[in-house]
Amino acid sequence: MSEKKSKNYTAEFKESAVKLAVESDQPVAQTARELEVNVNTLYTWIDKYHHSKQGNKTAKNEEHLYDELKRLRKENARLKEERAILKKAAAFFAKEHH
């Protein structure tokens, strides 16, 4: 039986390989051959890299939405207060004319 040795690649190597594969005009399979990496392994790295990027975007978007929600709640409270003041003022001036 033949044993396959599993190579351990650094995170930096994986990220560089993904960047090269994605940004290059050549096919991913060719990039994999040049880097002496199994093509399926490189596709796995590409998939993981893109999922982690999307995860970061989602987190940033959720943070943005949370900040927007806080801002809108604050504005809503201010507007309710202004409306209450105007109602009281209208009632006050309505009494003076009678």
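**View 1. What covers the buried residues of α2 includes α1 and α3 (39-96).** The model is predicted. In α2, the buried residues are Val28, Thr31 and Ala32. They span an arc of only 100 degrees around the axis, so they lie on the same side of α2. Arg33 and Glu34 sit on the other side of α2 and are exposed. Which residue just after α2 takes a positive phi? It is glutamate 36, with a phi of about 60 degrees.

**View 2. Helix α1 (residues 11-23) packs with helix α2 (residues 28-35).** Two packed helices are described by the angle between their axes and by the distance between those axes. Here the angle is about 140 degrees, and the axes of α1 and α2 are 9 Å apart. α1 and α2 are therefore oblique to each other, since only angles over 145 degrees count as roughly antiparallel. The crossing of α1 and α2 is right-handed. From α1, the contact draws on Phe13, Ala17, Leu20 and Ala21. From α2, Val28, Thr31 and Leu35 take part. How do the residues of this contact of α1 with α2 divide into nonpolar, polar and charged? Six are nonpolar, one is polar and none is charged.

**View 3. α2 packs with α3 at an angle of about 110 degrees.** The axes of α2 and α3 are 9 Å apart. Why are α2 and α3 described as roughly perpendicular? Angles of 65 to 115 degrees count as roughly perpendicular, and the angle between α2 and α3 is about 110 degrees. α2 and α3 are therefore roughly perpendicular to each other. Their crossing, that of α2 and α3, is right-handed. On the α2 side, Val28, Ala29, Thr31 and Ala32 make the contact. On the α3 side, Val39, Leu42, Tyr43 and Ile46 make the contact. The residues of the contact of α2 with α3 comprise seven nonpolar, one polar and no charged. Val28, Thr31 and Ala32, named here in the contact with α3, are buried in α2.

**View 4. Histidine 64 is found in helix α3.** Is histidine 64 buried, partly exposed or exposed? Histidine 64 is partly exposed, because its relative accessible area is 49% and exposed requires over 50%. Asparagine 40 is 24 residues from histidine 64 along the chain. The C-alpha atoms of histidine 64 and asparagine 40 are separated by 36 Å.

Definitions and conventions
Residues are numbered from 1 along each chain as its sequence is written. This is a predicted model: local features need pLDDT of at least 70, side-chain atom pairs count only at pLDDT 80 or more; totals for chains, interfaces and linings use all residues. Side-chain values use heavy atoms; hydrogens and water are left out. Axes are lines fitted to C-alpha atoms, for helices over the stretch in contact, and angles run from 0 to 180 degrees between N-to-C directions. Helices (H or I, at least four residues) and strands (E, at least two) are DSSP runs, numbered from the N terminus. Angles under 35 degrees count as roughly parallel, over 145 as roughly antiparallel, 65 to 115 as roughly perpendicular and the rest as oblique. A crossing is left-handed if the near helix is turned anticlockwise from the far one by less than a right angle, and right-handed if clockwise. Contact means heavy atoms within 4.5 Å. Ala, Val, Leu, Ile, Met, Phe, Trp, Tyr, Cys and Pro count as nonpolar, Asp, Glu, Lys and Arg as charged, and the others, Gly among them, as polar. Buried means under 20% relative accessible area, exposed over 50%, partly exposed in between (1.4 Å probe, protein chains only). The arc is that of the directions from the helix axis to the C-beta atoms.
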